[in-house]
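Subject: Structure for you to look at

Hello,

Please find the structure below, with the sequence. My notes on what was found in it follow.

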Amino acid sequence: MTPVTAPELPRELSRYGQERSIRDGRALQYQDDPCIEAFYLLEGIVRPVKFATDGKSFDLLPVTAGAWIGLAELLARLTC
C-alpha cells in the first residue's frame, strides 16, 4: 500500500465521504452529541466553543485548513 501525501488527501477522502460547505455562524457539531462523523477542513477556519454547565462559553483554539475535526472522538466512540 502506497502512503497518501497531503496534497492527495482530499481526493482520497472523496472515495469515503462527501464535500460540503457550512455557512458562517452555523454549528458543525453540538457539544455532548454522539460523534458519528469526522471532518477534514479543506479551507477556512472553524472556531470551536465549549459550554460550561453554568452557561458560560469558552472559545477554544481555532482549527484551520488541513486539520481533522472529530476524528479522535469518532474512532474512540466518544461524544463531540
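Helices (H or I, at least four residues) and strands (E, at least two) are DSSP runs, numbered from the N terminus. This is a predicted model, in which local features need pLDDT of at least 70 and side-chain atom pairs count only at pLDDT 80 or more, while totals for chains, interfaces and linings use all residues. Residues are numbered from 1 along each chain as its sequence is written, and side-chain values use heavy atoms, with hydrogens and water left out.

Overall layout. The protein has two helices and six strands, and from the N terminus they follow the order α-β-β-β-β-β-β-α. Of its 80 residues, 9% count as buried (under 20% relative accessible area; exposed is over 50% and partly exposed in between, with a 1.4 Å probe and protein chains only). Among contacts (heavy atoms within 4.5 Å) with a separation of 6 or more, 48% are between residues 24 or more positions apart.

Confidence. The mean pLDDT (the predictor's confidence in each residue, from 0 to 100) is 84 for the protein, and 89% of the residues score at least 70. The lowest mean is 71, in α1, and the highest is 95, in strand β4 (residues 57-59). Where pLDDT is low, the predicted coordinates should not be read in detail.

The largest pocket. A pocket here is an open set of points on a 1 Å grid over the protein atoms alone, where a 1.4 Å probe fits, with protein on both sides within 12 Å along at least five of seven lines; lining residues have an atom within 4 Å of a point. The largest pocket holds about 1,800 Å³ of space, a volume being the space filled by probe spheres set on the grid points, which are joined across faces, edges and corners. Its lining has 47 residues, and L28, F39, L41, V46 and I69 lie nearest its centre. At least two lining residues come from each of α1 (9-13), β1 (39-40), β2 (45-46), β3 (49-51), β6 (68-69) and α2 (71-76). The largest share, four residues, is from α2.

P34 sits in the loop between α1 and β1. Is P34 buried or exposed? P34 counts as exposed, because its relative accessibility is 60%. Its C-alpha atom is 7.6 Å from that of R77, which is 43 residues away along the chain. Beyond its neighbours within four places in sequence, P34 is in contact with L78, T79 and C80.

Regards
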